[in-house]
Structures are given as structure tokens and as C-alpha cells.
Amino acid sequence: MNFAFSDEQEELRNIVRQFLEAKSPESAVREQMETEAGYDTEVWGQMAEQLGLQSLTIPEQYGGQGYGYVELTVVLEEMGRSLVCAPFFSTVVLATNTLLQAGDEAACAAYLPGIASGETIATLAVTEANGRWDESGIEATATASGDGWTIDGAKMFVLDGHTASLIVVAARTAAGVSLFAVDGDASGLTRTALSTMDQTRKQAKLEFAGTPATLIGTDGGGWDVLSRVLDLAAVALAAEQVGGAQACLDMAVEYAKVRVQFGRPIGSFQAIKHKCADMLLEVESAKSAAYYAGWCASEMNDELPAVASLAKAYCSEAYFHAAAENIQIHGGIGFTWEHPAHLYFKRAKSSELLFGDPTYHRELLAQRIGI
């Protein structure tokens, strides 16, 4: 079995890397961090029109390219490497996967073409103030109202929730957890941008008060869909974390080569060598975990739940350690606002907590493999 990327996949990586180096340099990242929307609409349009990134995994019948999850992990690894500020993860990983996994052809036909073209920014609202990622954490309610539904409750930490034009919401009905589509400008919806440590990935609080909604999939069948989507999201985030960890390693090694102390490069000192060697070992191991998880996701095989939790737990810790060691190797300059090291450190910490921290996923892994 060969897990190497194909020539086509490597070419995709090169094209995406060149695009992001041109469109998402550190200066652009810092600029978008300061804006309320958190992304450049022109670059977002170019991602859709020139590269077709938003349509990558959407089936052709809905205006997409029909590629698999391996291609998506390649793209996300490059996005993690450049800390690109865009609602890509929320739209393509969370909302698109939810629509596809729900198996609701009417909903797919209604929403996926807009996502594929870059016109629709979408997200998934699951977590609430309790901060839980499991089924018991969903407390918002949905009530049948005429031909549709209305939602009451609040959602927290919703990625790009303040700018999304389509919000897929998890709420409880009499039948159980169900999924609903809500327009970004729906009545009774209050959206508040949250102040977050990681300013490169915007989050919002959403409050629903009799907000009209449309059922996606079957009433009461939402958690089966969501559990798969959260596994797919964990795999996607692991790929992104690998890209960020590699960037931290590259940054640290380059600095160790050029920074001279006591008449020699600091990379010649044993303590720095050991730090870099440990980082390399962890980054390469994280790649193995993320790439295998990406393959499992593309096959949607039985291993996916266990491997998703394994990859999320390992890649979270590898990225955070690489980001922290990168600051240590840089010394004083690594702590300054002007240096990019802190941007990766903050992204690493927020990604570590997103979809559940390593401890949560190790417990989940133990349950899933029957320990």
C-alpha cells in the first residue's frame, strides 16, 4: 500500500503554496487579523474562481470538482503553513461536510452550488456555553412551526459565525438532535463577534429567539451526522496543524543557522540541536498520523473514528510544542509582537482546544477501540 502523494496532488500543493505565498504573506495575515470580517473578499473570490478550492470536495452535480479528502488535506496543510485568514475551514470542512453527510439532496442542491462558487460563506454551530463537543452539550431547542421550524438558544465559538450567510445549527427536537439551515440575516438571530486569543480565526456567539429554520436530513438523525462531521473536522484540523508545525520547525532551523552567539551559529550548540531534532521527530510523526487519517476520511472506512481522535490528539500536541520551542530558540525576539512566532503559538493553542483537547480525544480513542 503506497501512501505517497500522487504527482497531481503534489502539483496541487505547489499551486496552492505559490498562491498563498503571494496572497497571504505575514503582512496580509496581520492586516486581516485587525478587521471585523477577518478575511479579504478579493482573495476569497480568487480562491474560488482561479483555484476552485471551495468546490474541491463538492460533487460535480452540485457545481464542484468531486475530489476526495486527501486533496483537501493537502490544501489545508498549506493553509496552516501560511495562517491564511479566510472562512475556508468553516465553509468547506464544517458546513459542506455536514450537508453531504446528511444525505439531504434538496439541501445539497440548494446550498452547495453557492458554496462551490465562493458566493456562500457557511458555518456549523454546535458548541454552547458549556463548551462540550458531545451530544449532551447540545441544549438549543427547535420547535415545529407551520411548514418550518423555529430555533431558541445560543451557540458559542462558532467559526466565522458573524459573517456566514448560511448557518447549519444543531438543536434538539422531540425526536432528538437535528440539523437546521438558518440564513445569516434571519429574524431573531443576534450575532456577536468574540474577542479571541487567535485573531487569525474569527469566532462568534449566536443567539436564536424564535429564529426560522429549515430542517436538514431527518428529524432526530442529527447526531449520527454530526459525529461523522466532527471526526472529519478533526482530521482536517490535524492536516492544518501539521502545516503550522512544519512552518515553526523551518523558522527555528533557519534562525539557528544564522544567529551567531559566542562566535558560532547557535545551531551548533547541543541544546539547540536537541530541540530541533525533537521537533523534527514530532512533526514527521504528526504528518504520518494526519496523512493516514486523511486517507481513512477519503475512504470513509471503519477506522476513521479511532484514527481521527488519534491524529487530533497527537497533532495538537506536536504543533503546540513546535510553536513553543520555536519561540525558545528565537530567544528574546521570539516574544515580540513584531515576530511571527506568536501568531503560530496562538493558532496552535486555539487549534488544540477546537473540537476537544488532546485529553478528550485520547479518552474518545480509548472508548472507540474498546479499552
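Predicted model: local features only at pLDDT ≥ 70, side-chain atom pairs only at ≥ 80, totals over all residues.
Let me begin with the largest pocket, which holds about 380 Å³ of space; a pocket here is an open set of points on a 1 Å grid over the protein atoms alone, where a 1.4 Å probe fits, with protein on both sides within 12 Å along at least five of seven lines, and the volume is the space filled by probe spheres set on those points, joined across faces, edges and corners. Of its 17 lining residues (those with an atom within 4 Å of a point), Trp-133, Phe-157, Ser-350, Leu-353 and Leu-354 are the closest to the centre.

Residues are numbered from 1 along each chain as its sequence is written, and side-chain values use heavy atoms, without hydrogens or water.

The chain averages a pLDDT of 91, with 98% of the residues at 70 or above, pLDDT being the predictor's confidence in each residue, from 0 to 100.

Which helix gives the most to the lining of the largest pocket? That is H10, residues 341–353, with three residues; helices are DSSP runs of H or I, at least four residues, numbered from the N terminus.

Turning to the second largest pocket, its volume is about 270 Å³, and among its 15 lining residues Arg-81, Ser-82, Ala-247, Met-251 and Tyr-344 lie nearest the centre. Helix H7 (222–258) contributes the most to this lining, with three residues, while H10 is one of the helices that each supply at least two.
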